[in-house]
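Dear colleague,

Here is the structure I promised to pass on to you. Please open it beside this message and follow along as you read.

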Amino acid sequence: TGLAAAAALYQRFNQKGGFIRAWGRLDTPEQDNMAIIDCMMNLPLFYWASLETGDPKYREAAIRQADNTLKYFIRPDDSVNHAYRFDLKTGQPLGPDNYCGNAVDSYWARGASWAIYGFALSYRYTGDKKYLDASLRVLRKFLAQLDAEVVPVWDFRLPPNAAPVRDASAAAVVACGIQELQKLGAADASLLKSKDSLLNAICAEKYLNFDADCCGVLRCGFGNKIAYSSWGDYYLMEALARGRGGR
């Protein structure tokens, strides 16, 4: 099943541009030239598939995606673009785009979390220090944006009059990312303290809902609304399981 998933994902890899097509049916031009930061979390499937099959194409695709993400998504100040578009004829970059943050030039908190964890995972599979450095740079930038509530606002570049809606799912993903860095021997005491602060914050009553009739557990913010998400609950449970000794 895992190899079938890798083969299906590989069909979305654009050879000329070196990116995974994020959205849209493959038989339509909808979003056919766009990659998103979220795809960093798809790459372990490719790395694993190459180890299982001996076919280097999956690993090569993962590395090209990671390299292009590092080159085009991570800004000089270590904030993160949500999306990027490429010319399908030449493979050349066209410029940033946005679908989940507040604006094209904004700083979507969950996008940063995908980069933090995703680059740490690429370092685990490749040993390439540039991915570790990227993870740590984006992580330190992310942590520097947090205020006394610890749980990040959904976008760090909201207009002054915008409601400071919090995204607990971003905090959960970052906690997992720090745990991965810890496993890799790259998380110092200050980062481990930040991980504990993030987990303590999202495990407070304000963010948890264990009502059996509710569709989720972790309250997350998306734009100006509060909702629940599969990824928020997943990464919360992953972080808690790891904290109790799970792998």
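Predicted model: local features only at pLDDT ≥ 70, side-chain atom pairs only at ≥ 80, totals over all residues.

**Helix α8 and the surface**

Met 237 is found in helix α8, which covers residues 230–243. Together with Phe 210 and Leu 240, Met 237 makes a nonpolar surface patch of about 310 Å².

**The chain as a whole**

The protein chain contains eight helices and seven strands, and its C-alpha trace spans about 50 × 40 × 40 Å along the principal axes. For 247 residues, a compact globule would have a radius of gyration near 18 Å, and the chain agrees with this, since its own value is 18 Å. Of the 247 residues, 53% count as buried, while the accessible surface comes to about 11,500 Å², of which 52% belongs to carbon and sulfur atoms. If you take the contacts between residues at least 6 apart in sequence, you will find that 60% of them join residues at least 24 apart.

Which residues are buried in helix α2? In this helix, which runs over residues 43–53, they are Leu 43, Pro 44, Phe 46, Tyr 47, Ala 49 and Ser 50. An α-helix has 3.6 residues a turn, so residues three or four places apart point the same way. The cover over the buried residues of α2 includes α1 (2–10), β2 (19–20), α3 (56–72) and α4 (109–126). Just after α2 comes Gly 54, which takes a positive phi of about 80°.

When its neighbours within four places in sequence are left aside, Asn 68 is in contact with Gly 17, Gly 18 and Phe 73.

**The β4–β5 hairpin**

Finally, please look at strand β4 (residues 83–86) and strand β5 (residues 93–97), which pair in the antiparallel sense over four bridges. Within this pairing, Arg 85 stands opposite Gly 95 in β5. The two strands, β4 and β5, form a hairpin with six residues between them, and in the turn Gly 91 has a positive phi of about 80°.

Terms used: Residues numbered from 1 in each chain as written. Heavy atoms only, no water. Patch = residues over 30% accessible without salt bridge, like charges linked within 9 Å, V, L, I, M, F, W, Y side chains within 5 Å. Areas by Shrake-Rupley, 256 points an atom, 1.4 Å probe, with all protein chains shown as cover. Salt bridge = Lys/Arg side-chain N within 4 Å of Asp/Glu carboxyl O. Rg over C-alpha atoms; globule rule 2.2 N^0.38 Å. Buried < 20%, exposed > 50% of the residue type's maximum accessible area, 1.4 Å probe, protein only. Contact = heavy atoms within 4.5 Å. Pairing = 2+ DSSP bridges.
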